[in-house]
Amino acid sequence: MLEIIKEPWPWYVAGPLIGLTVPILLIIGNKSFGISSSLRHICAACIPANISFFKYDWKKESWNLFFVLGIFFGGFIAAHFLSNPNPVEIASELSEKLATYGITDHSGLVPSQLFSWESLLTLRGFIMIVVGGFLVGFGTRYAGGCTSGHAIMGLSNLQWPSLVATICFMIGGFVMALLILPYILSL
């Protein structure tokens, strides 16, 4: 049983399980699925400033904070007790292409040449980690939610803004992967 948990699940198992969270949340408590709103709830709970954006009853959304806490602890458990010791398997063509950019370590979930404290001090690492993190946060706030909120919850509820946001997420991902990322990796 433990080996099943350690291996990646096929899309036809993982996808429906993720998709079933929508009706379960709606049936159990008329709740909306999304992760990015958690930062707002934390700020509303911890920052006593007189900012109108944080003036709401965040305690009604405390379930979301427990959900995110569960994601954190689940990630910790998975990384420390359920991780696969083998290197990440990637296509040989991709491995060769990444090697031209100096990325050869595939032993972890992310390449250490890009995501480490040492790489943070390089221009490439700073752009990938700091600038990328800022753009993800800004885009999430600008779009009114993250990919999980829009693509999973919003589309299942047939919300037009979620369709527009999801299309923009996909276009942005393609542009980043095909046009911008190769330039950043060559720095």
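Reader: What share of the 187 residues of the protein chain counts as buried?
Author: This is a predicted model, so the figure is computed from predicted coordinates. Buried means under 20% relative accessible area. Of the 187 residues in the protein chain, the buried share is 19%.

Reader: What box do the C-alpha atoms of the protein chain fill?
Author: The box is taken along the principal axes. Its dimensions are roughly 50 × 45 × 35 Å.

Reader: Among contacts between residues at least 6 apart in sequence, what percentage join residues at least 24 apart?
Author: Contact here means heavy atoms within 4.5 Å. Within the protein chain, the share joining residues at least 24 apart is 45%.

Reader: Are helix 2 and helix 3 roughly parallel or roughly antiparallel?
Author: Helix 2 covers residues 11-19 and helix 3 covers residues 21-29. Their axes come within 4 Å and cross at roughly 20°. Angles under 35 degrees count as roughly parallel. Therefore helix 2 and helix 3 are roughly parallel.

Reader: Which residues of helix 3 meet helix 2, and how do the residues of this contact divide?
Author: From helix 2 come L17, I18 and G19. They meet T21, V22 and P23 in helix 3. The residues of the contact divide into four nonpolar, two polar and no charged.

Reader: How many disulfides does a search of the whole structure find?
Author: A disulfide is a covalent bond between the sulfur atoms of two cysteines. The sulfur of C43 has its closest cysteine sulfur in C46, 7.6 Å away, so the two are too far apart for a bond. C46 is in no disulfide either. The search of the whole structure finds zero.

Reader: Is C46 buried or exposed?
Author: The cut-off for exposed is over 50% relative accessible area. C46 has 57% relative accessibility, so C46 counts as exposed.

Reader: Where does H106 lie, and is H106 buried or exposed?
Author: H106 lies in the loop between helix 6 (92-100) and helix 7 (117-120). Its relative accessible area is 17%. That value is under 20%, so H106 is buried.

Reader: Which residues does H106 touch, and what separates the C-alpha atoms of H106 and N86?
Author: Residues up to four places away in sequence are not counted. H106 then touches P87, V88, I90, S95 and L98. H106 and N86 are 20 residues apart along the chain. Their C-alpha atoms are separated by 9.4 Å.

Reader: Which residues make up the largest nonpolar core?
Author: In soluble globular proteins, nonpolar side chains tend to be buried together. The largest nonpolar core here has seven residues. They are L98, Y101, I103, L114, M128, I184 and L185.

Reader: Which residues does M128 touch?
Author: M128 belongs to the largest nonpolar core. Residues up to four places away in sequence are left out of the list. The residues touched are L114, F115, G133, L181 and I184.

Reader: How many residues are in the second, separate core?
Author: This core includes V22, L25, F33 and M153. Its residue count is five.

Reader: What is the phi of N30, and is N30 buried or exposed?
Author: N30 sits in the loop between helix 3 and helix 4 (37-46). N30 is not a glycine, yet its phi is positive, about 55°. Its relative accessibility is 65%, so N30 counts as exposed.

Reader: Where is L158, and what is its phi?
Author: L158 is in the loop between helix 9 (147-156) and helix 10 (160-185). At 77% relative accessibility, L158 counts as exposed. Its phi is positive, in a residue other than glycine, and is near 60°.

Technical notes: Residues numbered from 1 in each chain as written. Predicted model: local features only at pLDDT ≥ 70, side-chain atom pairs only at ≥ 80, totals over all residues. Heavy atoms only, no water. Axes fitted to C-alpha atoms, helices over the stretch in contact; angles between N-to-C directions. Helix = DSSP H or I, 4+ residues; strand = E, 2+ residues; numbered from the N terminus. Parallel < 35°, antiparallel > 145°, perpendicular 65-115°, else oblique. Nonpolar A, V, L, I, M, F, W, Y, C, P; charged D, E, K, R; others polar. Disulfide = S-S within 2.5 Å. Buried < 20%, exposed > 50% of the residue type's maximum accessible area, 1.4 Å probe, protein only. Core = buried A, V, L, I, M, F, W, Y, C linked by side-chain atoms within 4.5 Å.
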